[in-house]
Amino acid sequence: MRIDKYLKVSRIIKRRTVANEVCEQGRVKINDKIAKPGSEVKVGDVVEIQFGNNTTTIEITRVTEHVTKDDAKEMYVIK
């Protein structure tokens, strides 16, 4: 799954266009490499997202196309 879509489906970022912009600005890393919006993610990848001065690190535990709001939290683990 593309990283921009994953961030939207997992509800880390609310809109896919915003997720796309964040990736284009170089504020998202997958396994310590700067990610483009089309970069693929899989289970076990470590994603770093920079929100202003804060950096959030997550590990992907599940990749699913459609999830409910409650199940979205099970798609990743915050490190």
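**Surface, fold and core**

Tutor: The model is a predicted one. The chain exposes about 5100 Å², of which carbon and sulfur atoms supply 47%.

Student: What pattern do the helices and strands follow along the sequence?

Tutor: The secondary structure amounts to two helices and five strands. Read along the sequence, the pattern is α-α-β-β-β-β-β.

Student: What is the radius of gyration of the chain, and what would a compact globule have?

Tutor: The C-alpha atoms fill a box of roughly 30 × 25 × 25 Å along the principal axes. For 79 residues, a compact globule would have a radius of gyration near 12 Å, and the value for the chain agrees with this: 11 Å.

Student: What share of the contacts between residues at least 6 apart in sequence joins residues at least 24 apart?

Tutor: Contact here means heavy atoms within 4.5 Å. Among contacts between residues at least 6 apart in sequence, the share that joins residues at least 24 apart is 34%.

Student: Which element gives the most residues to the largest nonpolar core?

Tutor: This core has 21 residues, and I3, Y6, L7, V28 and V47 touch the most other members. At least two core residues come from each of α1 (3–9), α2 (16–24), β1 (28–30), β3 (46–51) and β4 (54–60). With four residues, the element that gives the most is α1.

Student: Which residues does V47 contact, leaving aside neighbours within four places in sequence?

Tutor: V47 is one of the core residues that touch the most other members. Leaving aside neighbours within four places in sequence, the contacts of V47 are I3, V28, K29, I30, T56, T57, I58 and I60.

Student: What share of the residues of the chain counts as buried?

Tutor: A residue is buried when its relative accessible area is under 20%. Of the 79 residues, the share that counts as buried is 32%.

Student: Is S10 buried or exposed?

Tutor: S10 lies in the loop between α1 and α2. Not counting residues up to four places away in sequence, S10 touches A72, M75 and Y76. The relative accessible area of S10 is 1%, so S10 is buried.

Student: What is the phi of N31, and what is the phi of D32?

Tutor: Most residues other than glycine have a negative phi. N31 and D32 are both found in the loop between β1 and β2, where β2 spans 33–34. Neither N31 nor D32 is a glycine, yet phi is positive for each: about 50° for N31 and about 65° for D32.

Student: How far apart in space are H66 and E48, C-alpha to C-alpha?

Tutor: H66 sits in the loop between β4 and β5 (76–78). H66 has 71% relative accessibility and so counts as exposed. In sequence, H66 and E48 are 18 residues apart, and in space, C-alpha to C-alpha, the distance is 23 Å.

Student: How far apart are the mean positions of the positive and negative charges?

Tutor: The chain has 16 positive and 12 negative charges. The distance between their mean positions is 3 Å.

Key:
Residues are numbered from 1 along each chain as its sequence is written. This is a predicted model: local features need pLDDT of at least 70, side-chain atom pairs count only at pLDDT 80 or more; totals for chains, interfaces and linings use all residues. Side-chain values use heavy atoms; hydrogens and water are left out. A nonpolar core is a set of buried Ala, Val, Leu, Ile, Met, Phe, Trp, Tyr and Cys residues joined through side-chain atoms within 4.5 Å. Buried means under 20% relative accessible area, exposed over 50%, partly exposed in between (1.4 Å probe, protein chains only). The radius of gyration is taken over C-alpha atoms; the globule rule is 2.2 Å times the number of residues to the power 0.38. Accessible areas come from the Shrake-Rupley method with a 1.4 Å probe; for residues, only the protein chains shown count as cover. Lys and Arg count as positive and Asp and Glu as negative; His and the chain ends are not counted. The place of a charge is taken as NZ of Lys, CZ of Arg, CG of Asp or CD of Glu.
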